[in-house]
Amino acid sequence: MLWKVGFSTDDILELFCDLLQSENVRWAQSVQFLEAQEKTLCGDVLLTAAFVSYVGSFTKGYRQELVEGMWLPFLKSLKVSIPITEDLDPIAMLTDDATIATWNNEGLPSDRMSTENATILVNCERWPLMIDPQQQGIKWIRNKYGSELRVVHIGQKGYLDIIEHALSCGDTILIENLEETVDPVLDPILGRNTIKKGRYIKIGDKECEFNSSFQLILHTKLANPHYKPETQAQTTLINFTVTRNGLEDQLLAEVVNTERPDLEHLKSELTKQQNHFKIELKLLEDELLTHLSAAEGNFLGDTELVEKLETTKLTAAEIEQKVSEARENELKINEARERYRPTAAKASLLYFIINDLRKINPIYQFSLKAFNIVFHKAIERTVQSEDLKERVANLMDCITYSVFLYTSRGLFERDKVVFISLSTFQILLMNNEIDQEELDFFLRFTVEQKYKSPVDFLSTQSWSAIKTMAMMDEFRGLDRDIEGSAKRWKKFVESECPENEKFPQEWKKKSSLQKLIMLRALRPDRMTYAVRNFVEEKLGAEYVDGLRIDFAKSFEESSPVTPMLFILSPGVDPLKDVESLGKKLGFTIDSGKFHNVSLGQGQEVVAEAALEKASKEGHWVILQNVHLVVKWLGTLEKLLEQFSEGSHPDYRVFISAEPARTSEEHIIPQGILESSITITDEPPTGMLANLHAALYNFDQNILETSSREQEFKTILFCLCYFHACVAERRKFGPQGWNRSYPFNTGDLTISVNVLYNYLEVNTKMPWEDLRYLFGEIMYGGHITDDWDRKLCRTYLEEFMHPNMLEGELTLTPGFVAPPNLDYIGYHKYIDEMLPPESPVLYGLHSNAEIEFLTVMSDNLFQTLVEMQPRDSSIGEGSAQTTEEKVKDILDDILEKLPEEFNMAEVMAKTAEHTPYILVCFQECERMNILTQETRKSLKELDLGLRGELTVSAEMEALQSALYYDNVPEIWSRLAYPSSYGLAQWFNDVLLRCRELDTWTQDLGLPAVVWLSGFFNPQSFLTAIMQSMARKNEWPLDKMCLTVDVTKKTKEDYSHPPREGAYIHGLFLEGARWDIQSGIIAEAHLKDLTPTMPVIFVRATTADRQEIKNIYECPVYKTKTRGPTYVWTFNLKTRKKPAKWILAGVALLLSV
């Protein structure tokens, strides 16, 4: 062609050189790059191979640390260093942008972590095992392989036949939802244990042909599985668990796609265009090089070659220009997208908060799929705005509130406070509105109780907290101000609701979080209310108002693939809502469209048939009490999934189950929890609601059934009050009942039936019989603790006696048993006459509420601490990692831990082995066991932290306990019952060691014995009886202890008594000791556990024991009572013992 227009050979040569010159620049660069790559190729391949082999199971942070912090420095530090490309990206070595774009189109999330995972999965030699709790990985795999993929579950019918067929045909097979153990029959496939020159694999007894094209992909939904080492060696573990940053990127794409679809479309087009450019340039280059290499002789005559060269030059120039334009456009697009990032960041944070709720209770499990639906619905509902900043703010508010509503309907009331306060703190941290160190101090509140309070309105605990805070810059001078303006501070501290009052002096100007810190020191019992106020201030009143979501509204979100799961609470029947809605929509048992199956032995087949029929015909199915069929739950999970596919659009499943008491007892499968809408419904709280609820079990007809109407009505009302007392008393913890019992309305209705029958056949009122039947059988049937049985009996003795029929029975101060009324009259009487809610209604002292609220606050903070991200900054000044904090605590304990007692030396000090000396020996031996285990476990953990010892599960548990200020289980099982945190517990151990050390100096009985300091205080009290029995030659089984409470303190005694012993260290809960009168008296308000004076304990024979005007007071080791029972001390009283029994009065060895 060039010759036809008159070009000479020289012209052609010049043109050819000109065209090649432009290519020469790019080719020279390529040659230079290839020469450099030749030197670094081995190192690059080594690092990339290591990346594929080892990093798959780790999170993003650990992957970076392995590559950049360990492997690269190691390779560079070798004597003969291995050259590696600077800033090598293993992903770029294994794949290209076009492939990644294809994966994204197939449903792979676009974040870096997901790209790494997909690259490892495609390139690994061992079979990939995907850890995929959010099921993003499996979604991509299903789209990627499409109809060619064979999907099986282990245990499904004929699954081995499917695997064998795939093995011989070279298919790709996905084994989904693996547990922590893999069927041993699959071991030969996992290990690729081929036989007959690699042509066969033996599965069981069968030899199956092995096609080299066969691919196996393994998948688990478990979030933190522990696989056997051989499974980990045979597979490549790949962690598809979504990360906060990764989810943020995904949600950003979602929100921009919804808000600005033009931007996402343009970004997608740019990516495709860029990939197309690269492919086109590569093809042109390859064709050009092919022509050049194939050219023979004088190639100047090859016009096609010259044209190709010219086309390549023009295309390369065009592409270069378009790439430059695309970069500019991409910058603009990214800038526009970034304005929506705060929305995605907040939503990602909220997802990870609700995902962590399973730490509180394993029934709180929410899928990412369901969260995405809530996210999109919130975006649709958000108020439109022309101003982008306002629109983003509206989006964040609407998403936050939608997630709150979605989550809170499935939470118990006590956990709603945890959820919303945790969300508030994390949102404020993300926005840098609060200080991490202040928050950490507020939640942990690590305070040494060593400062005695100089003011009468603050306890030692509160003053110690104030002194600790005064060392911090923000609270410097607080202690001086409280002492200097004691009256103003006293008024504030003793106000009924201090959280609503202004702080005195300049302290009212402090930040909201700093006010919370001060209030936690001054009034820990009001912290739940204070935190609610804080949430209301920061997020809005709608987050703390007790909002009950209408069942019909929740039902709208259900579908054939989304069942509704009701978490049952005693005294509540949520299925009434289902039945009433079913009637409105035409789904009733009579119409045959409503199947109600109560699960139990043999009912599984009925349930399966109902599900199958309902899915085809569009019926509703209720499966009640699924927790009773543990072995069938796995089948149910698969059936729900199976029947939902292609089912009738009206098909719905409703499930009810009781929550497990502990996480170890949890049985409901993760799949059911994640796919369901979870709803909790709890019984009413407070005496008013409980008394009405008890009365609602009856009606006017029942009130009129008995021929002895007045007696029947009066006793029935008293039974309702008794039922409300025993049910609601549970909220006061161990002071209410030693153990928690499942009292229910069935106990009440059966008791009323018994009452009716007895009244009809007896002319004389059988008081004793009725009290026995109600207290020992109907309600007493639940009770397992003797002291609780005594409490139940006392209630009935107070509420059921002849005076009640004469209108003289006072159920509680200010509330007399009602006269003869009708059904509506009783409800009105309750509303008009019942005093305000107070512990006094149950026979308890008002202090019981302070204790109950304090425990509730402590539990709230303990849960919040455990829910905080583990990598957050801790301490003052510099940020500490978890390991550094644990190391500091570990070193501190090891430094202070005393040496063990030398038992040989101690025993050699005396030849006489009296009961007291034997107790001393036993205590020293038990202390030795505890200190030995403490020292040994801490040294092992220290080695583990330094990487010199493999970290075991026990060491992990120890590390976690040290971090959260909990007493490690391996120590507590060798120690004594204690409710202290780790710091206080360890100080207590040191005090006990000191006490024993003093005693072992001469083995003489101390002047006043610290009874609380014993591992086994019963042994010392028994020793008192043994000493007396030996001295007087009395039979030990006929002896008992008598106690005399003195008016003195420990310091007033310099030597022990001639017989018996002086003891100290006891506290009285529920009452106080009147030192002047020498009797139990009504407690002072806010003095929850006053210290007892020294008690003189001696032994005497049982027949000499004083039994008049005494209260049999139980002694417990801790506030948890129950199993920590020690002894019974008879304390003098002028009031009826029943008063103290109902008040839950007890002596405690530690508070």
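Author: Contact means that heavy atoms lie within 4.5 Å of each other. Leaving aside neighbours within four places in sequence, Ser402 is in contact with Val374, Ala378 and Arg381. The model is predicted, so local features need pLDDT of at least 70 and side-chain atom pairs count only at pLDDT 80 or more, while totals for chains, interfaces and linings use all residues. Residues are numbered from 1 along each chain as its sequence is written, and side-chain values use heavy atoms, with hydrogens and water left out.

Reader: Why is Ser402 called buried?

Author: Buried means under 20% relative accessible area, exposed over 50%, and partly exposed in between, with a 1.4 Å probe and protein chains only. Ser402 has a relative accessible area of 7%, so the residue is buried. Ser402 is found in helix H15, residues 388–408. Helices are DSSP runs of H or I with at least four residues, strands are runs of E with at least two, and both are numbered from the N terminus.

Reader: What makes Arg414 exposed?

Author: Arg414 has a relative accessible area of 55%, and therefore counts as exposed. Its place is in helix H16, residues 413–430. Arg414 and Asn859 are 445 residues apart in sequence, yet their C-alpha atoms are 9.7 Å apart in space.

Reader: How do you know that the span of helix H41 agrees with its number of residues?

Author: The expected span of a helix is 1.5 Å times one less than its number of residues. Helix H41 (residues 982–1002) has 21 residues and should span 30 Å; its end C-alpha atoms are 32 Å apart, which agrees. Among the buried residues of H41 are Leu982, Trp985, Phe986 and Trp999. Just after H41, Leu1003 takes a positive phi of about 60°.

Reader: What makes the pair Arg391 and Glu259 a salt bridge?

Author: Side chains of opposite charge can pair when their charged atoms come close. A salt bridge is a side-chain nitrogen of Lys or Arg within 4 Å of a carboxyl oxygen of Asp or Glu. The closest N and O atoms of Arg391 and Glu259 are 2.6 Å apart, and the pair forms a salt bridge. This pair links distant parts of the chain, 132 residues apart: Arg391 is in helix H15 and Glu259 in helix H10 (residues 244–259). Both Arg391 and Glu259 are buried.

Reader: What makes the pair Glu1112 and Lys790 a salt bridge, and which parts does it tie together?

Author: The N to O distance is 3.1 Å, and the side chains of Glu1112 and Lys790 meet in a salt bridge. Glu1112 lies in strand S23 (residues 1110–1116) and Lys790 in helix H33 (residues 786–799), so the pair ties together parts that are 322 residues apart in sequence. Glu1112 counts as partly exposed because its relative accessibility is 37%.

Reader: Where do Asp988 and Arg992, another salt-bridge pair, lie?

Author: Asp988 and Arg992 both lie in helix H41, 4 residues apart, about one turn of the helix. Their side chains meet in a salt bridge at 2.9 Å, N to O. Both residues are buried. By the salt-bridge rule the count comes to 52.

Reader: What makes a set of residues a nonpolar core, and which members touch the most others in the largest?

Author: A nonpolar core is a set of buried Ala, Val, Leu, Ile, Met, Phe, Trp, Tyr and Cys residues joined through side-chain atoms within 4.5 Å. The largest has 250 residues, of which Phe442 and Phe1020 touch the most other members. Helix H30 (residues 709–728) gives the largest share of this core, 12 residues. Apart from this core lies another, of 30 residues, including Val52 and Trp140.

Reader: How many of the residues in the protein chain are buried, as a percentage?

Author: Buried residues make up 50% of the 1151 residues in the protein chain. The chain has 43 helices and 25 strands.
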